[in-house]
Amino acid sequence: MNNNDIMALLAKFIPPHWGRDLVSTGAVRDISLQSPRLVIKLVLPFVDYQLETVLTQLDENLCRVSGAEQVEWQISVDVATLARANDAQGVSGVRNIIAISSGKGGVGKSTTAVNLALALQRLGARVGILDADVYGPSIPMMLGVAGAKPSMSDDKMMGPIQAHGIVANSIGFLVSTKDATIWRGPMASKALTQILQETRWGELDYLVVDLPPGTGDIQITMSQGVPTTAAVVVTTPQNVALADAVKGISMFNKVHVPVLGVIENMSYHICGQCGHQAELFGAGGGLRVSQQQQVPLLGQLPLDARIGVDMDKGRPTMIAEPDGALAEAYLTIAARVASGLYFSGKSVPTSLYTRVI
Ligand SMILES: Nc1ncnc2c1ncn2[C@@H]1O[C@H](COP(=O)(O)OP(=O)(O)OP(=O)(O)O)[C@@H](O)[C@H]1O
C-alpha cells in the first residue's frame, strides 16, 4: 500500500461544511492497513455534523487503492483555539468566544443562541453560554433554570449553572432587570466583563455570548470588552430587521470582529394542518444581506410554534425534539459556525490563550 496514493485521494476531498480539504486542514493523523481494514485516524480542529456518513463516499476508492476490504474512520475532535479579534483579556479555560447579536430586538436572537449552543454540544464540543442581554436576560428561563444562583467560592469566582449539558451564567442570575435597565453603556460593559472573567467556566471549546440587541454604543463597548473570536448576526426576513442586520455587520467590521454569517430566523411558516409553506415576512432577505455584505447565510429557521413553546417550558427544541427536523437545522448551522470560525482566523497555541486558574 502506498500512503501517498491515499493522501492524494483525501487531499481532493472537501467535506460539505469545510472551506478546505481533509489533508491541508491537518486533520489526517494516521493511516494504517490492518488487513482487511484500512484505518484512517482523523483529529478535527472543529466539530462537524454527519462527517462520518459523508466520508463513506471515499471508501470504495480507498479500498481500491489500498487493497483493503473496508475502511475504518476513527474520528476525534480537538477544537483549535483561534486568535482573538481584539486585545481584551482572554477568559480562563475558554478557547473561542462567539458573539450572537441582532440589529433589532425580538428576532429570536436568544432562542437561536441557546439552540446553537446546545447543537455545538451535541456535536461533541464543550460549551458555555453567557447571557449578556442586560436589558432582557432570558436565558435562565430558556434553559429551565430561572431562579438559580451561581455558587460563590472563597476566591470570589462564580460557579456557572449547569443545564442540558452546557454551563451558563447570566446577568439575570445576579441583578434584577429593573436595576439593569437604567445602566448606561460603560456600566453594562463593566458588568459583562466582570461576569465573563469571574465565572469558573472550566475548559470550554466554545463560549456563546448572547449580546443585547442593537448596534449602539452599548453593543460597541460590549463587543470591545469581550475577547471575541467571531460574531454571528441573527435576523428575520423583514426589511426593517434586515436593515438593522446590515448595521450589525458594519459594527463588527468597524471593531474588526470577523462575522461568520447571518442566520435568518422565522424565515417561513409551515402550516401545521396542510403543510403549506408561507413566507410571511418576505422571501430571500437573509440571502440578499449575506450577498451584499459578503458573509455566508448560515441557515434559515422556520417560524414554528414549537420553538417558542419548548423555550417557554425550559426545554429548548434541541432537547425537546433532539432528532426532529428543527434540531437538524440547528445542527447544520452549528457545523457551519464551527467550521466558519476555524477557517476565519489564525489558530494559536491553546495553552497560551486559555490559562486555567
Ligand atoms: N423560529 C421561531 N419560531 C417561533 N417562535 C420563535 C422563533 N424564534 C423565536 N421565537 C419566539 O420569539 C420570541 C422572541 O425570541 P427571543 O427572546 O429569542 O428574541 P430576541 O431577539 O433574543 O429578543 P430580545 O431582543 O428581547 O433579546 C420568543 O417568544 C421566542 O420563543
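At roughly what angle do the axes of helix α10 and helix α11 cross, and within what distance do they come? Point 2 takes up this pair.

1. Basis of the note. The structure is a predicted model: local features need pLDDT of at least 70, side-chain atom pairs count only at pLDDT 80 or more, and totals for chains, interfaces and linings use all residues. Residue numbers start from 1 along each chain, as its sequence is written. Helices (H or I, at least four residues) and strands (E, at least two) are DSSP runs numbered from the N terminus.

2. Helices α10 and α11. The axes of helix α10 (residues 239-254) and helix α11 (residues 285-293) cross at roughly 30° and come within 10 Å. Axes here are lines fitted to C-alpha atoms, for helices over the stretch in contact, and angles run from 0 to 180 degrees between N-to-C directions. The angle makes α10 roughly parallel to α11; angles under 35 degrees count as roughly parallel, over 145 as roughly antiparallel, 65 to 115 as roughly perpendicular and the rest as oblique. Their crossing is right-handed, a term used if the near helix is turned clockwise from the far one by less than a right angle (left-handed if anticlockwise). Leu242, Ala245, Val246 and Ile249 of α10 make the contact with Gly285, Val289 and Gln293 of α11. Two residues are in contact if their C-beta atoms, placed from the backbone, lie within 7 Å. By class, this contact has five nonpolar, two polar and no charged residues. Ala, Val, Leu, Ile, Met, Phe, Trp, Tyr, Cys and Pro count as nonpolar, Asp, Glu, Lys and Arg as charged, and the others, Gly among them, as polar.

3. Helices α1 and α3. Helix α1 (residues 3-11) packs with helix α3 (residues 59-66) at an angle of about 165°, and their axes are 9 Å apart. That angle makes the two helices roughly antiparallel. Asp5, Ile6 and Leu9 of α1 meet Asn61, Leu62, Val65 and Ser66 of α3 in this contact. Its residues divide into four nonpolar, two polar and one charged. The crossing of α1 and α3 is right-handed.

4. Helices α4 and α14. The axes of α4 and helix α14 (residues 325-344) cross at roughly 80° and come within 8 Å. The two helices are therefore roughly perpendicular to each other. From α4, the contact takes Asn115, Leu116, Ala119, Leu120 and Arg122, and from α14 it takes Tyr330, Leu331, Ile333, Ala334, Val337 and Ala338. By class, there are nine nonpolar, one polar and one charged residues in this contact.

5. The ligand. Of the 20 residues around the ligand, Gly105, Gly108, Ser110, Thr111 and Gly308 come nearest. A residue is near a molecule or strand if its C-beta atom, placed from the backbone, lies within 6 Å of it. The elements giving two or more residues to this shell are α4 (109-122) and α12 (305-312). The shell has seven nonpolar, 10 polar and three charged residues.

6. Domains. The chain is divided into domain 1 (3-77) and domain 2 (81-353), with bounds from an automatic or database domain assignment. The C-alpha centres of the two domains lie 32 Å apart. Their contact takes 10 residues from domain 1 and 15 residues from domain 2.

7. Backbone details. Ser35 and Pro36 are joined by a cis peptide bond, with omega about 10°. Pro36 is placed in the loop between β1 (28-34) and β2 (37-44). Gln50, in the loop between β2 and α2 (51-55), has phi near 60°, a positive value in a residue other than glycine.
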